[in-house]
Amino acid sequence: MCRFCNNRMHAPAELGSGSGKIIAAPASMPAGVGDPDRLTLIRGGAVLSMDSAVGNFSKGDVLIRGSRIVEVAASITAPEAAIIDASGMVIMPGFVDTHHHQFETALRSLLADAILINDGRPESAANYYEWMLQKFSVLYRPQDVYISELFGGLSQIDAGVTTVMDVSQIHHSPEHSDAAITALRDAGRRGVFGYFEGWGDAAKYPGDARRIKAEHFASDDQLLTMVMGGEIYLPFHEEAWALGRELGIPVALHVVGTFGMQAVFDQLAEAGRFGPDNIFIHMTGMSDMAWKRVADAGSHISLSVPIEMQMRHGNPPLQQALDLGLQPSLSTDVECTMTADMFTQMRSAITLQRMLANDKALRGEEYPRLLSAIDVIRFATIEGARGLKLDHKTGTLTPGKEADIILLDANAINVAPLNHVPGAVVTLMERSNVSTVLCAGKIRKWQGTLLGHDIARLRSELEASRDFLLDAAGIKPDLF
């Protein structure tokens, strides 16, 4: 039973748990997949492993035992294994989203035309800073956090995103924090809980990080891990950074020139504060000196290219990162403005970089190497795993790693005939091509259907949460 709304429909995503209209295992789905010692053979698909040592196979198999990958090869014999027929499919690692504000799911598309901050023009009156951060976020109850987090997580599983860093800037109380963590766990995929700020008298950030780490993340051998939010626009960011490093977890923060962060970021750079445990999100508008210090420190860069272009964060610094030898990850950011699927992210990144490089070429100037489809798939998988310190568990189809695997339908009308696997994934596919999703060996989506939850009921509860938030904010619903 969900402790936040007394609803038995919110049982953890194990097939058959809870009661009511839970989507049960279809008859076509093999039994016991993901159970300890159970062998499962994903057979006969085009294997894109994202591991050069493993290689790729135009037709290949992936063998799983329990939650882990055992073997990847052109042909595997395992007569005792359960069989998943992957004919006509691309078999590849699940996508890794390194920055997603899942608590905003109830307010999807509400700020589709918004920019970050009010620039004084009439069309910017409904802007992200004033509406989302000042008007709406302070109104969230724990149950609002839970349903948005859960529904957003299930939606991303549906889109093939098997790992997320949830940047939940909604920690108004320990109960809000626990609601976010419970929802991440109930979704059933790999999640990195980003403990960022909250507001109000009951907020315990950043000090509650010690309790959260001890209660929820004492073991690293689980689907959920933790990141410390260390926003440099907060007066106590130094305390948050120190606490994250005391707990031995990465420290993540938004770095956005629009908010005037360059001076503080420069100070941190000059003081040698950056490290390989830092995740810098956006990195727009920062000095060349700071960029050099970021690269020298081995810090990670997470880019949200379509959001950065849409909301006036500044030009996405993709080429700047590449020129310094940094391999960024991709992240979806906010669904109040843009969809949270990685196909959108990959296409935005590759078209932006090639547009800028091609423009230089047409002007007769020196231009950088054009990104390829495999480059942006790498950003969306293994580079994200590296950034979240999870590359020992996920990001590639490598024996010994956990089985975070997606099967993409290459026989679908928008893809067939299959001529080039990376090209098809990046330039042709979208979330409807995500057929089957495994998270740590467990099937979470099977042949187009999400499993383990009553989506219709959850949608109704999400709508009720949306209605509460709009009413509490004094915003009259207007669909147009």
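This is a predicted model: local features need pLDDT of at least 70, side-chain atom pairs count only at pLDDT 80 or more; totals for chains, interfaces and linings use all residues.
1. Two strands are said to pair if DSSP finds at least two bridges between them.

2. The protein has 14 helices and 17 strands. Its radius of gyration is 22 Å, close to the 23 Å that the globule rule gives for 480 residues, so the protein is as compact as a globular protein of that length. The C-alpha trace spans about 65 × 65 × 50 Å along its principal axes. Of the 480 residues, 59% are buried. Among contacts with a separation of 6 or more, 72% are between residues 24 or more positions apart. The accessible surface comes to about 18600 Å², and carbon and sulfur atoms account for 51% of that surface.

3. The pairing of individual strands may be followed in detail. Strand β7 (residues 161-168) runs parallel to strand β8 (residues 190-195), and 6 bridges join them; Asp166 stands opposite Phe193 in β8.

4. How many of its residues are buried? The count is 6 of the 6, so β10 is largely enclosed by the rest of the structure. Both of its faces are covered: Val251, Leu253 and Val255 are buried on one side, and Ala252, His254 and Val256 are buried on the other. With strand β9 (residues 224-229), β10 pairs in the parallel sense over 2 bridges, and Met228 stands opposite Val251. With strand β11 (residues 278-284), the pairing is also parallel and extends over 6 bridges; here Ala252 stands opposite Ile279.

5. The nonpolar interior comes next. In soluble globular proteins, nonpolar side chains tend to be buried together. In this model the largest nonpolar core has 108 residues, and those with the most contacts inside it are Phe95, Phe265, Phe280, Met346 and Val425. Helix α2 (residues 142-158) supplies the largest share of this core, 7 residues. Another core lies apart from it and has 23 residues, among them Ile69, Leu397, Leu438 and Leu451. Which residues does Phe265 contact, leaving aside its neighbours within four places in sequence? They are Ile232, Val255, Phe274, Phe280, Met283, Met286, Ala290 and Val294.

6. Helix α11 (residues 373-380) is another covered element: 6 of its 8 residues are buried, so α11 is largely enclosed by the rest of the structure. The buried residues are Ala373, Asp375, Val376, Ile377, Phe379 and Ala380.

7. Strand β15 (residues 434-439) pairs with β16 over 3 bridges in the antiparallel sense, and Cys439 has Lys442 in β16 as its bridge partner. The hairpin of β15 and β16 has 2 residues between the strands, and Ala440 takes a positive phi near 50 degrees there. Strand β16 also pairs with strand β17 (residues 449-450), in the antiparallel sense over 2 bridges; Trp446 stands opposite Thr449 in β17. The hairpin of β16 and β17 likewise has 2 residues between the strands, and in it Gln447 takes a positive phi near 45 degrees. Strand β16 (residues 442-446) is mostly covered, with 4 of its 5 residues buried.

8. Most residues other than glycine have a negative phi, and most peptide bonds are trans. The peptide bond from Tyr205 to Pro206 is cis, with omega near 0 degrees, and Pro206 is found in the loop between β8 and α4 (209-216). The bond from Ala416 to Pro417 is cis, with omega near 0 degrees; Pro417 is in the loop between β14 (405-409) and α13 (421-427).

9. Two further residues have positive phi values. Ser109 has a phi near 65 degrees and lies in the loop between β6 and α1 (128-136). His282 has a phi near 85 degrees and lies in strand β11. Is each residue buried or exposed? Ser109 is exposed, with a relative accessible area of 52%, whereas His282 is buried, with a relative accessible area of 1%. The cut-offs behind these words are over 50% for exposed and under 20% for buried.

Conventions. Residues are numbered from 1 along each chain as its sequence is written. Side-chain values use heavy atoms; hydrogens and water are left out. A nonpolar core is a set of buried Ala, Val, Leu, Ile, Met, Phe, Trp, Tyr and Cys residues joined through side-chain atoms within 4.5 Å. Buried means under 20% relative accessible area, exposed over 50%, partly exposed in between (1.4 Å probe, protein chains only). Contact means heavy atoms within 4.5 Å. The radius of gyration is taken over C-alpha atoms; the globule rule is 2.2 Å times the number of residues to the power 0.38. Accessible areas come from the Shrake-Rupley method with a 1.4 Å probe; for residues, only the protein chains shown count as cover.
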